Amino acid sequence: MKKRILVVDDEPAITRMVKLNLERTKKYEVRTENQGSKAIEAARDFEPHLIFLDVMMPDMSGCDVAAELKKDPTLCNIKLVFMTAIVTKDETESMGSNIGGNEFLAKPVKTDELIATIERVLVV
């Protein structure tokens, strides 16, 4: 069974690239959303195993989306991985790349980093 991944980022070029690269592996079914405010509905419809969530979006921040997901009993157990361009990879390594129990990746993120993160986070 393919793992379902939801990618939420306000930059369509990023969501397209992540979707394309993950789907090439044939291991994942990927859906994208470019508005934080629509991410909750997308999560309800798609029922992802994991959400890659941009931290800074104009309409609703990734932190606000995460808070809404955690409030909903049907969505609260979805694994979250935050992505941001506001810190460097070196800074995320010094912070332990883990914030509030969620993974944290600095953009730009390479496909092999995304896949390694998915495999690490979704280990059952």
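Start by selecting Lys-71 and Glu-68, which form a salt bridge with their closest N and O atoms 3.1 Å apart. This is a predicted model. The two residues sit three places apart in helix 3, so about one helical turn separates them. Lys-71 is exposed, at 61% relative accessibility. Glu-68 is partly exposed, at 33%.

Next, select Arg-120 and Glu-103. They form a salt bridge too, with the closest N and O atoms 3.1 Å apart. This pair links distant parts of the chain: Arg-120 is in helix 5 and Glu-103 in strand 6, 17 residues apart. Arg-120 is partly exposed at 45%, while Glu-103 is buried at 15%.

Now go to Lys-107 and Asp-54. Their closest N and O atoms are 3.3 Å apart, in another salt bridge. Lys-107 lies in the loop between strand 6 (102-106) and helix 5 (111-121) and Asp-54 in strand 3, so the bridge ties together parts 53 residues apart in sequence. Lys-107 is buried at 14%, and Asp-54 is buried at 3%. The model has seven salt bridges in total.

Turn to the largest nonpolar core, which has 20 residues. Leu-6, Val-8, Ala-43, Ile-51, Leu-53, Val-65 and Leu-69 have the most contacts inside it. Strands 1, 3 and 4 and helices 2 and 3 each supply at least two of its residues. Helix 2 gives the most, with five.

Finish at the second, separate core of 17 residues, which includes Leu-22, Leu-105, Leu-114 and Ile-115.

Conventions:
Residues are numbered from 1 along each chain as its sequence is written. This is a predicted model: local features need pLDDT of at least 70, side-chain atom pairs count only at pLDDT 80 or more; totals for chains, interfaces and linings use all residues. Side-chain values use heavy atoms; hydrogens and water are left out. A nonpolar core is a set of buried Ala, Val, Leu, Ile, Met, Phe, Trp, Tyr and Cys residues joined through side-chain atoms within 4.5 Å. Buried means under 20% relative accessible area, exposed over 50%, partly exposed in between (1.4 Å probe, protein chains only). Helices (H or I, at least four residues) and strands (E, at least two) are DSSP runs, numbered from the N terminus. A salt bridge is a side-chain nitrogen of Lys or Arg within 4 Å of a carboxyl oxygen of Asp or Glu.
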